[in-house]
Amino acid sequence: MAGKGYIQVVAVVRYSYFQEVNVDRTVKLSLEKLQALISVVEVLPTYEDAKREADRLNDVNADSDVLYYAESTRWYPDGRIKIPTTRKET
């Protein structure tokens with residue numbers, strides 16, 4: 001983490017594609033609809049750990065309309081650095 005302020009981690013993500021049939025394809029997806037389709041199940045320290053857990057969950061839920069996969073992300077244990085929302089004039 002030295003100097004970066006974050007730790008690389010891997011999320012196990014669940015995609016519930018059975019709910020996709022309820023999405024009107026002519027309308028932009030709302031945040032509510034996306035939250036119903038995609039969720040983070042857990043966060044693990046390595047890709048190997050997350051991939052193994054995603055594979056295990058896919059096996060356990062083989063008869064369900066869900067898909068689990070590993071997705072790399074960052075964890076900021078001290079929070080994000082405050083970034084101004086507007087630019088300063090130069």
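The conversation below concerns a helix and salt bridges in a predicted model.

User: How far apart are the end C-alpha atoms of helix 2?
Analyst: The end C-alpha atoms of helix 2, which covers residues 47-60, are 20 Å apart. That agrees with the 20 Å that its 14 residues should span at 1.5 Å a residue.

User: Which residues of helix 2 are buried?
Analyst: Ala-50, Glu-53, Ala-54, Leu-57 and Asn-58 are buried. They lie on the same side of helix 2, because they cover an arc of only 140 degrees around the axis.

User: And what covers them?
Analyst: The cover includes strand 1 (7-15), strand 2 (38-44) and strand 3 (67-75).

User: Which residues are exposed on the other side?
Analyst: Glu-48, Arg-52, Asp-59 and Val-60 are exposed there.

User: Changing topic, how many salt bridges does a search of the whole structure find?
Analyst: The search finds three. One of them joins Arg-52 to Asp-49, with the closest N and O atoms 2.7 Å apart. Both residues lie in helix 2, three residues apart.

User: What about Asp-55?
Analyst: Asp-55 forms a salt bridge with Lys-51, at 2.9 Å between the closest N and O atoms. The two are about one helical turn apart, because four residues separate their positions in helix 2.

User: Which residue does Arg-56 pair with?
Analyst: Arg-56 forms a salt bridge with Glu-53, and their closest N and O atoms are 2.8 Å apart.

User: Is Glu-53 buried or exposed?
Analyst: Glu-53 is buried, because its relative accessible area is 16%, under the 20% cut-off. Arg-56 is partly exposed, at 42%.

Conventions. Residues are numbered from 1 along each chain as its sequence is written. This is a predicted model: local features need pLDDT of at least 70, side-chain atom pairs count only at pLDDT 80 or more; totals for chains, interfaces and linings use all residues. Side-chain values use heavy atoms; hydrogens and water are left out. The expected span of a helix is 1.5 Å times one less than its number of residues. Buried means under 20% relative accessible area, exposed over 50%, partly exposed in between (1.4 Å probe, protein chains only). The arc is that of the directions from the helix axis to the C-beta atoms. Contact means heavy atoms within 4.5 Å. A salt bridge is a side-chain nitrogen of Lys or Arg within 4 Å of a carboxyl oxygen of Asp or Glu.
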